[in-house]
Amino acid sequence: QIRLAESGGGSVQSGESLRLSCTASGFTYGPFSMAWFRQIPGQEREGVALITRGSRYIQYIDSVKGRFTISRSNTENKVFLQMNNLKPEDTGTYYCTASGEASLEPAKNKYWGQGTRVSVSS
C-alpha cells in the first residue's frame, strides 16, 4: 500500500523557519517525482515545489522562490521542504505528493499524504 506521511508542521512567528518531511512507503520511491502542495484557507490547492527523480529538475512557485528549498533522499525515501522567512500568507495545510509525471497541477499527482498544518502569525 502506497503511503505518504508528512511531519514538521507547526505554529511560528513571521520570519521564522520550519522544515517539513515526508516519508514514502509501499512503493519504489526513486523513479517518482515528488512535490509539495498547500491549501490556504479559502483558496484552491496549489503546487509549491517539485523535485524530479535524481533531483535533476526543481521548480518553485514565484511566491516561495528564495525562501523555500525542496530536497529528497532516495536512500531514506524522504522528501523535505525547508521553509525560511515564513509569512502569514504561507499559512495552510501542506501536502506531499508522488507522481510518475513531474507537475505542480494537483490533478496530475496521483498519490497524496494526509497533510501537515502550518500556521504563521504576524
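Four strands form an open sheet in the order E1-E3-E8-E7, with antiparallel pairing; strands are DSSP runs of E with at least two residues, numbered from the N terminus, and two of them pair if DSSP finds at least two bridges between them. At the edges lie E1 and strand E7 (68-73), each of which pairs on one side only. Neighbouring strands of this sheet are turned by 15 degrees against each other on average, direction ignored, with axes taken as lines fitted to C-alpha atoms. The model is a predicted one, in which local features need pLDDT of at least 70, side-chain atom pairs count only at pLDDT 80 or more, and totals for chains, interfaces and linings use all residues. Residues are numbered from 1 along each chain as its sequence is written, and side-chain values use heavy atoms, with hydrogens and water left out.

E1 runs antiparallel to strand E3 (residues 18-25), and five bridges join the two. Here Glu6 stands opposite Cys22 of E3. E3 also pairs with E8 in the antiparallel sense, over six bridges, and Leu18 stands opposite Met83 of E8.

Beyond E8 comes Asn85, placed in the loop between strand E8 (78-83) and strand E9 (92-99). Asn85 counts as partly exposed because its relative accessibility is 41%, between the limits of under 20% for buried and over 50% for exposed (1.4 Å probe, protein chains only). Leaving aside neighbours within four places in sequence, Asn85 is in contact (heavy atoms within 4.5 Å) with Gly15, Glu16, Ser17 and Arg67. Glu16 is 69 residues from Asn85 along the chain, yet their C-alpha atoms are separated by 5.3 Å.

Key:
Axes are lines fitted to C-alpha atoms, for helices over the stretch in contact, and angles run from 0 to 180 degrees between N-to-C directions.
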